[in-house]
Amino acid sequence: MAVNLDQVRDIVERVASSQGLEVVEIEMRGGGKSRMLRIFIDKLDGVTHEDCANLSREVGTILDVEEAIPGGSYLLEVSSPGLDRKLFKAADFERFQGSRVKLTTREPVNGNRHFEGRLEHFASGRLTLDLAEARRKFRPHATAAQKLEIDLANVEKANLVPEI
């Protein structure tokens, strides 16, 4: 039997919001007795081990009581999204304005699909990347445009780039 991820997401979202947490991503991996449900959570001041443990305990109980995972056997893992957090929703791009991002587009923009730069601005479904830093790092004498506008609908994959 297949897992209804929409039902699982509804349960996880309900519990997470009651604890002041944001659900970043939910994924089901594996099959048979080696299935793993991964839940990535975040909050403005960072996720603690206690946040993960509390959400895991409460969500696990509800999933079992509601039999939301057919077959019963699965491993539940709850963690933070990490320093290279994926960006999915418009709210993610709004929240992380000013951060370095790496992204891939569905359709080429100026002949390229892969970009790295600072997320300078996000509004009305369009993001502006400042490519100047990355260009200086990889091509010190590049003269191409330093700013690039991309429609959010054209973003296939996006991640934060850790700055340490």
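**Note on a predicted model: sheet and helix packing**

1. In this predicted model, residue L103 faces F115, a residue of strand β5. Strand β4 covers residues 100–109 and strand β5 residues 112–123; six bridges join them, and they run antiparallel. Strands count as paired if DSSP finds at least two bridges between them. Helices (H or I, at least four residues) and strands (E, at least two) are DSSP runs, numbered from the N terminus.

2. The model is predicted, and local features need pLDDT of at least 70, side-chain atom pairs count only at pLDDT 80 or more, while totals for chains, interfaces and linings use all residues. Residues are numbered from 1 along each chain as its sequence is written, and side-chain values use heavy atoms, with hydrogens and water left out.

3. For overall orientation, the protein contains four helices and eight strands. Their order along the sequence is α-β-β-α-β-α-β-β-β-α-β-β. The C-alpha trace spans about 60 × 35 × 30 Å along its principal axes. Of its 164 residues, 40% count as buried, that is, under 20% relative accessible area (1.4 Å probe, protein chains only); over 50% is exposed, and partly exposed lies in between. Among contacts (heavy atoms within 4.5 Å) with a separation of 6 or more, 56% come from residues 24 or more positions apart.

4. The turns on either side of β5 deserve a look. β4 and β5 make a hairpin with two residues between them, and N110 in that turn has a positive phi of about 55°. β5 and β6 likewise form a hairpin with two residues between them; here S124 in the turn has a positive phi of about 50°. β6 comprises residues 126–130 and pairs with β5 in the antiparallel sense over five bridges. In this pairing A123 stands opposite R126 of β6.

5. These strands belong to an open sheet of five strands with antiparallel pairing, in the order β7-β6-β5-β4-β8. At the edges stand β7 (147–151) and β8 (155–160); each has a single partner strand, so one side of each lacks a neighbour in the sheet. From one strand to the next, the twist averages 40°.

6. Helix α1 (residues 5–18) and helix α2 (residues 49–65) have axes that come within 10 Å and cross at roughly 140°. That makes α1 oblique to α2, since angles under 35 degrees count as roughly parallel, over 145 as roughly antiparallel, 65 to 115 as roughly perpendicular and the rest as oblique. Axes are lines fitted to C-alpha atoms, for helices over the stretch in contact, and angles run from 0 to 180 degrees between N-to-C directions.

7. Which residues of α1 meet α2? On α1 they are V8, I11, V12, R14, V15 and A16, and on α2 they are L55, E58, V59, I62 and L63. By class, this contact has nine nonpolar, no polar and two charged residues.

8. N54 is located in helix α2. N54 has 27% relative accessibility and therefore counts as partly exposed. Its C-alpha atom is separated by 8.8 Å from that of Q19, a residue 35 positions away along the chain.

How values were computed: Nonpolar A, V, L, I, M, F, W, Y, C, P; charged D, E, K, R; others polar.
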